[in-house]
Amino acid sequence: MTVPDALIAAVPILQAPMAGVSTPAMAAAVNAAGGLGGIALGANTPALAGDMLAELRARTDRPFNVNLFVHAPPRIDRAREAAWCEALSPTFATFGAEPPEALRPVYPSFREDDAMLALLVEARPAWVSFHFGLPAPAQVTALKQAGCRLLASVTSLAEAQAAERAGMDAVIAQGYEAGGHRGVFDPDAPDDWLGTLALTRLLVTQTTLPVIAAGGIMDGAGVSAALALGAVAAQLGTAFIACPESAADAAYRATLMGEGAAHTVMTRAISGRPARCLPNRFTTLAEALAAPIPDYPVAYDAGKALNAAARGRGEYGYGAQWAGQGAPLARAMPAAALVATIAGEIRR
């Protein structure tokens with residue numbers, strides 16, 4: 001197994017490119033400390049993505065990772081969407097608001113976004129990573145011709161084998177412990193819920209691609225365990241949420257540091273796809289709703305609207321407060337200090 005040169009860093013850590021949390025400042029700080037920083041572009045327009053790339057380039061001259069969403073186009077079902085909005089309507093009403101009249105996908109899949117592809121081909125980031133699936137063959141060719149190395153999140157051996165066939169340079173083995181959206185290619189297919197350690201070892205022994213372990217890893221002991229299993233590095237997301245460079249708001253940080261961190265839940269209700277979240281008012285509400293949930297990211301339109309209505313009345317418990325099962329191990333310190341601390345733990 002050959003580790004691509006661009007992945008070799010002083011510290012075998014990738015900072016997860018988390019939409020709504022990771023920032024150019026965070027990625028640059030991780031780079032400066034010897035890790036590989038990353039930013040999430042999938043939820044942004046090409047114009048905003050271009051601004052983020054420019055800011056990150058101004059902060060670091062080292063390689064970094066940018067992440068895109070490659071979900072299947074959602075099935076538009078107006079009856080199901082109307083029923084979902086009706087189910088949420090009483091909660092909206094408590095904040096003096098109403099659900100959107102019609103739900104819409106809040107952002108496109110990268111597979112349909114020619115403008116984003118053009119931006120990346122011009123910007124030529126060292127790494128481009130994909131979540132929820134794989135880019136089209138023509139996109140793979142264009143990015144590789146631009147000099148980009150390609151990463152894909154996978155949750156099973158079958159997905160890793162598909163990534164290998166598609167020309168990915170490495171895979172991120174996302175265990176069921178991981179925070180945020182589960183990267184399954186098909187959210188409606190059976191899911192074996194493989195944990196990080198089992199999945200990492202499975203992919204190391206049964207594929208030829210370098211494997212990056214992700215899910216529940218918060219410190220040097222976790223990184224060392226992944227390396228011992230044959231991973232070339234570990235990707236950490238939840239570990240960076242409490243850093244000052246994070247875009248997480250005060251309520252998100254307080255919830256992360258609270259008792260709920262030990263009781264994360266997997267829910268589809270917020271966005272339409274399974275995602276691991278800190279328990280909050282939205283996850284509690286989801287347990288009581290019987291209406292079928294619209295496809296991702298159509299359902300996210302309602303989720304974001306409800307969060308905005310609640311925040312307007314001072315309630316912050318309806319946000320997407322993603323976190324993995326290692327959340328109780330979170331440490332609030334600058335991103336560079338966190339990388340240095342983990343590096344010391346690995347050495348010990």
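**Salt bridges and fold**

Guide: K144 and D169 form a salt bridge, with the closest N and O atoms 3.6 Å apart. The term covers a side-chain nitrogen of Lys or Arg within 4 Å of a carboxyl oxygen of Asp or Glu. This is a predicted model: local features need pLDDT of at least 70, side-chain atom pairs count only at pLDDT 80 or more, and totals for chains, interfaces and linings use all residues. Residues are numbered from 1 along each chain as its sequence is written, and side-chain values use heavy atoms, with hydrogens and water left out.

Visitor: How many residues apart are K144 and D169?

Guide: K144 sits in helix α5 (residues 137-145), and D169 in the loop between α6 (157-166) and β6 (170-174). Helices (H or I, at least four residues) and strands (E, at least two) are DSSP runs, numbered from the N terminus. The pair links distant parts of the chain, and the separation is 25 residues.

Visitor: Is D169 buried or exposed?

Guide: Buried means under 20% relative accessible area, exposed over 50%, and partly exposed in between (1.4 Å probe, protein chains only). D169 has a relative accessible area of 16%, so D169 is buried.

Visitor: Which residue forms a salt bridge with E315?

Guide: The N to O distance in this bridge is 2.9 Å, and the partner of E315 is R281. E315 lies in the loop between α11 (298-312) and α12 (335-347) and R281 in helix α10 (residues 281-288), so the bridge ties together parts 34 residues apart in sequence. With a relative accessible area of 47%, the partner is partly exposed; it is R281.

Visitor: What is the N to O distance between E345 and R331?

Guide: E345 lies in helix α12 and R331 in the loop between α11 and α12, so their bridge ties together parts 14 residues apart in sequence. R331 is partly exposed, at 22% relative accessible area. The side chains of E345 and R331 meet at 2.6 Å.

Visitor: How many salt bridges are there by this rule?

Guide: Some share partners, and such bridges join R75, R80, D188, R268 and D295 into one network. By this rule the count is eleven.

Visitor: What is the radius of gyration of the chain?

Guide: The secondary structure comprises twelve helices and eleven strands. The radius is taken over C-alpha atoms, and the globule rule is 2.2 Å times the number of residues to the power 0.38. For 348 residues the rule gives 20 Å; the chain's value is close to that, so the chain is as compact as a globular protein of that length, with a radius of gyration of 19 Å.
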